[in-house]
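Morning, everyone. Please bring up the model on your screens, and we will walk through it together.

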Amino acid sequence: MDKTILDIWVGLFVAIGIAALMGLAMRVGNLTSNTLGETYTITANYENIGGLKPRAPVKSSGVVVGRIDKIQFDTQAYQAVVTLKIDKRYPFPKDTFANIYTSGLLGEQYISLEAGGDDHFLKEGDRVSKTQDAVVLEKLISQFLYSKASEESKK
Amino acid sequence: MNPIFKILSNIGNQVTSRIWRLGSATRLFCLTLIYSSESFRRIHLTIREIYFTGVMSLIIIVVSAFFVGMVLGLQGYYTLQKYGSSESIGVLVALALLRELGPVVTALLFAGRAGTAITAEIGLMKATEQLSAMEMMAISPIARIISPRFWAGVISMPILASIFSMVGVMGGYLVAVPIIGVDHGAFWSQMNVNVDFRIDVINGLIKSFVFGVACTIIALYEGYDAPPTAEGVSRATTRTVVTSSLTVLGLDFILTSFMMSN
């Protein structure tokens, strides 16, 4: 077979392969939405993080502003220490709330930042003091049953 | 002789011959790697083989990927719809294709389409004493025949697997969105959120690369080792398909357990 035709076919084959890979990366995968610019790191302590996982999103008003870097366990306080990487473009006040929420009924868990009114902003390595734990369904149900039972007994 | 001894010696014979074949296949693999600089210096040899193994396999890969994607879409929809989450059909199709079906089915089809061709070609070259003739002319058949085919297979397989996954996702899209009526935006956005580039796409590529090495070297070894008769070549071709398929499925389990462990 003619050598140039062979080259053209093989070139086309490789080009289609690269195009498919790019399609998988951009369209199917999350390569584009994953890139944070420069980040700063803050930590937050929780009694219970529920099913929170590293690389889960950190959102504020529903917009992704960062990602969870790592989750450790503090043996002094017996608390979970979550390290968050936040995009440098989004400064948050010192009295920001960091709450763990669930997207949807059974979806993945994420941390929501709710800005306070402090004039000072969080800096690299700061700790968010105002946190709210993940909601554990069993606790919620038992609270509900307990309050129902106490209502019944009052009647 | 005692029949028990006969059975035992039979088993021992089988095991030693398997190990012997594994060893000589490894030797061929090492020789191929040593001579691989030759196949890149004469790049047109490798390009010619990429044409025959990669480009010629394109049609069977694309058609089967399309149908696999459509079937995944349909089957996924019937089950997911019971739980009211038919939007996550995109995630199901994409993850199934990227992690498992893309690399594995591509490797199985590759073994059937390109592996057999390689085995038959080299077996026939051996039977007609073309390989010995090359050696007589002081041309190493491993550098000239084996190595270009090996690299062609190794390069083609990840490309074919990427094309398989992408076409499969398109097949799933075609069934889910226009035919069944899943929301277009939800299909892509759910897929986007749940498919990770590093974990899913790159691991799929690593898998297909490993399968490419395994399938090609098995096909080459079976051809190189085939008894130089018509029957020998036909048996070698059959063995290529059987051994490649089993190796791919076994390797898939091992690779998956390593990739999913962290």
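This is a predicted model: local features need pLDDT of at least 70, side-chain atom pairs count only at pLDDT 80 or more; totals for chains, interfaces and linings use all residues.

How does the predictor score the complex? The ipTM is 0.78. The pTM is 0.77.

On to chain A. Its secondary structure is 2 helices and 8 strands.

Domain 1 covers 1-35, and domain 2 covers 39-141. How many Å separate their centres? The answer is 39 Å, taken over C-alpha atoms.

Next, the dimensions of chain A. Its C-alpha atoms fill a box of roughly 95 × 45 × 30 Å along the principal axes. What about the radius of gyration? For chain A it is 24 Å. A compact globule of 155 residues would come out near 15 Å.

Now chain B. Which elements does chain B have, and how many? It has 10 helices and 0 strands. Read from the N terminus, the order is simply α-α-α-α-α-α-α-α-α-α.

The confidence for chain B is quick to state. Its mean pLDDT is 90. In chain B, 100% of the residues reach 70 or more. As for dimensions, the C-alpha trace of chain B spans about 65 × 55 × 35 Å along its principal axes.

Let us zoom in on one helix pair in chain B. Find helix H5 of chain B, residues 89-127, and helix H7 of chain B, residues 141-180. They pack at an angle of about 145 degrees. Their axes are 7 Å apart. What residue classes make up the contact of H5(B) with H7(B)? There are 21 nonpolar, 7 polar and 1 charged residues. And the hand of the crossing? H5(B) passes H7(B) in a right-handed crossing.

That is the tour. Thank you.

Definitions and conventions: Residues are numbered from 1 along each chain as its sequence is written. Chains are lettered from A and ligands numbered from 1 in the order in which they are written. Domain bounds come from an automatic or database domain assignment. pLDDT is the predictor's confidence in each residue, from 0 to 100. Axes are lines fitted to C-alpha atoms, for helices over the stretch in contact, and angles run from 0 to 180 degrees between N-to-C directions. Helices (H or I, at least four residues) and strands (E, at least two) are DSSP runs, numbered from the N terminus. A crossing is left-handed if the near helix is turned anticlockwise from the far one by less than a right angle, and right-handed if clockwise. Ala, Val, Leu, Ile, Met, Phe, Trp, Tyr, Cys and Pro count as nonpolar, Asp, Glu, Lys and Arg as charged, and the others, Gly among them, as polar. The radius of gyration is taken over C-alpha atoms; the globule rule is 2.2 Å times the number of residues to the power 0.38.
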